[in-house]
Amino acid sequence: MKLLNLPERLGLVSYRNQARSEIKPHIVVDTEICNTTCPHKATTYVCPANCYTIDDHGKVHFQVEDCIECGTCMYACDQGAVSWNYPDPEIGRGVTWNFG
Amino acid sequence: MEDERFDCIVVGAGVAGLAAAMVLARNNMKFLLIEKGEFAGAKNVSGGVLWGNDLARLVPEYWKEEEGGWERFINHRRLTFMDEQSTFSIDFKSAHFNQTPYTGVVVLRSKFDRWLADKVQEAIDASDFAMESFIAPNIKVDEVLMEHDKAVGIRTGEEKFYADSVIIAEGVNNLLTRQVGLQDDYVPADHVLTGIKEVIRYDQKVLEDRFQLNGLSGMSNEFVGYATDGVEGGGFLYTNRDTISIGLVLGLKDLRKKRKSPHDILNHFKAHPVIADTIRDGEVIEYSAHVVSSGDKRLMPRELYKDGILICGEAANLLMNAGKAIQGMDYAMRSGILAAETIVKAKEKGDYTSRTMKEYRTALDNSYVIKDMNGFQDAVHMLHSPQMYKDVPNLICDFGRKFFSIRNEPTRKSRELMSESIKKHSSYWDLVKLGIKGARSL
Ligand SMILES: Cc1cc2nc3c(=O)[nH]c(=O)nc-3n(C[C@H](O)[C@H](O)[C@H](O)COP(=O)(O)OP(=O)(O)OC[C@H]3O[C@@H](n4cnc5c(N)ncnc54)[C@H](O)[C@@H]3O)c2cc1C
Ligand code: SF4
Ligand code: SF4
């Protein structure tokens, strides 16, 4: 059986408000902390939706669009950079599982 | 407005909140069940097997319903130790488990929770408050309203709803439990795991033949060892009607330390030769992830009640995982039932203060939930020790390989083979220590 990569996997997820151009991000990351004092940059590899990435210059970026609301980054970041909340049902993104 | 006031507001229509709501409806309470998802279950992920028989307390004879919310009943259980090439399983199947009430049913939450919510709605319709109790999806509770340190309702956006009590059944990512001061604002990664999972579809006949399923019977399989690629935790595979749920739970602190990605480890698990054979030719139809508690009591909130507030389900980190099963949903169900029963009593007494709320804690302490959590803490710790997720599976598989190889040479005694495997992967002394721990903890 073919193993799926992450984009293929995320392609199977039903997101809410997918058509909306403007969404209210439910997670806010202070990347200033990521790029100065964070010793491990753990969220860039433990997030199961790869919302945290490191660019060629070693800088951390965050995007909320692919987030599947698992909660992992809220615990994994012990640097105080992650302000975590649930998405707003009307103007946020977030998931609707078909199976769960 | 006083007449708009509810007896209770339940936050979260997962297993815990739905169980609570069912008991409230049956006892003619006026309540509001609020869920942020599009419908009950829309946001929820489990493996998952709902163990035990509490479901029949909420929906009597649920098994008689043709299109019930559950997938299959478990009559076949397997615990598998893995190394790189091999699996060594303890396998138990019994016709005893074919009888109702079942001892466990596999569920997919998006379907199961929605079905259970329909049952709750039926109970509301039959209650004195058919027109005044509601299940309200698509609403996120932003805050529990407190007056003089007692809960008086909730706020969502600009809107406020008032009630004599609030049951917080918000699940493991318990923001409201933190807001009311029962849990620290930042919870470290130490005792939580990231659960990750795929649902894979087959032709139903293929699935039934492959797993020897008959009618609606099903199998649950837990895995330790190679599955988690050296990270603490374990794997699971459960059979649904025409799909399987396959996934892992991975210690988050250990993932961070070992710099590994959960989605890579899931592929590592699926690529194992024995697993690859088992799951071949299926089509992945969903990928999901969710944090899950470890079952370590140190994760629990400081207290599970306060004036006008009760915390239940995984919001209270009620969970057991000592290797042979994950029990989060049955704990959620029981604690939801006990929380609602306490609210019913509080209404009778006209006292929603801690004095009455405390009875929930007492009832929970006397139930199997806290008794098992207290009794099996050592087993929970042991599952998260490297011997358990590394050395033991390796040595068991090493032994298995030698024991089951027939070579047209003089056959060696198993004792000798075992001691060789032990020396290779561990030491007698470590095993004696583990054995003592194990004997004590189980
Ligand atoms: C991969 C994985 C495998 C698992 N396997 C098993 C298994 O095999 N067996 C088992 O028993 N358990 C299993 N579990 C654990 C089980 O899923 C949980 O313990 C269980 O779901 C807890 O139920 P709950 O009702 O307390 O919380 P949840 O199911 O998380 O429900 C909480 C609900 O509250 C809602 N909510 C939260 N905050 C708000 C808010 N502010 N406003 C409105 N609504 C809100 C959520 O949307 C959600 O619907 C597994 C978990 C994972 C992640
Ligand atoms: S762990 Fe926290 S501080 Fe470090 S990169 Fe991730 S979000 Fe930034
Ligand atoms: S909640 Fe989960 S999916 Fe969303 S950003 Fe955090 S770790 Fe990634």
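## Salt bridges and the network in chain B

A salt bridge is taken here as a side-chain nitrogen of Lys or Arg within 4 Å of a carboxyl oxygen of Asp or Glu. By this rule Asp398(B), Arg401(B), Lys402(B), Arg412(B), Glu416(B), Glu420(B) and Lys424(B) are linked in a network of salt bridges, and the count over all chains comes to 39 salt bridges. Side chains of opposite charge can pair when their charged atoms come close.

The model is predicted, so that local features need pLDDT of at least 70 and side-chain atom pairs count only at pLDDT 80 or more, while totals for chains, interfaces and linings use all residues. Residues are numbered from 1 along each chain as its sequence is written, chains are lettered from A and ligands numbered from 1 in the order in which they are written, and side-chain values use heavy atoms, with hydrogens and water left out.

## The pair Asp398(B) and Lys424(B)

Asp398(B) is buried at 2% relative accessibility, whereas Lys424(B) is exposed at 53% (buried means under 20% relative accessible area, exposed over 50%, and partly exposed in between, with a 1.4 Å probe and protein chains only).

## Packing around helix α13(B)

The axes of α13(B) and α14(B) come within 9 Å and cross at roughly 145°, where axes are lines fitted to C-alpha atoms, for helices over the stretch in contact, and angles run from 0 to 180 degrees between N-to-C directions. This crossing of α13(B) and α14(B) is right-handed, a term for the near helix being turned clockwise from the far one by less than a right angle, with left-handed for anticlockwise.

The crossing of α13(B) and α15(B) is left-handed, and the contact is made by Gln387(B), Met388(B), Val392(B) and Leu395(B) on α13(B) with Asp430(B), Leu431(B) and Leu434(B) on α15(B).

Lys111(B) and Glu71(B) meet through their side chains in a salt bridge of 2.8 Å, N to O. Lys111(B) lies in helix α3 (residues 109–125) of chain B and Glu71(B) in strand β4 (residues 70–82) of chain B, so this pair ties together parts that are 40 residues apart in sequence. Lys111(B) is partly exposed at 32% relative accessibility, while Glu71(B) is buried at 3%.

Asp91(B) forms a salt bridge with Arg78(B), and their closest N and O atoms are 2.7 Å apart. Asp91(B) lies in strand β5 (residues 87–93) of chain B and Arg78(B) in strand β4 of chain B, so the pair joins parts 13 residues apart in sequence. Asp91(B) is partly exposed at 41% relative accessible area, and Arg78(B) is partly exposed at 24%.

Methods: Helix = DSSP H or I, 4+ residues; strand = E, 2+ residues; numbered from the N terminus. Contact = heavy atoms within 4.5 Å.
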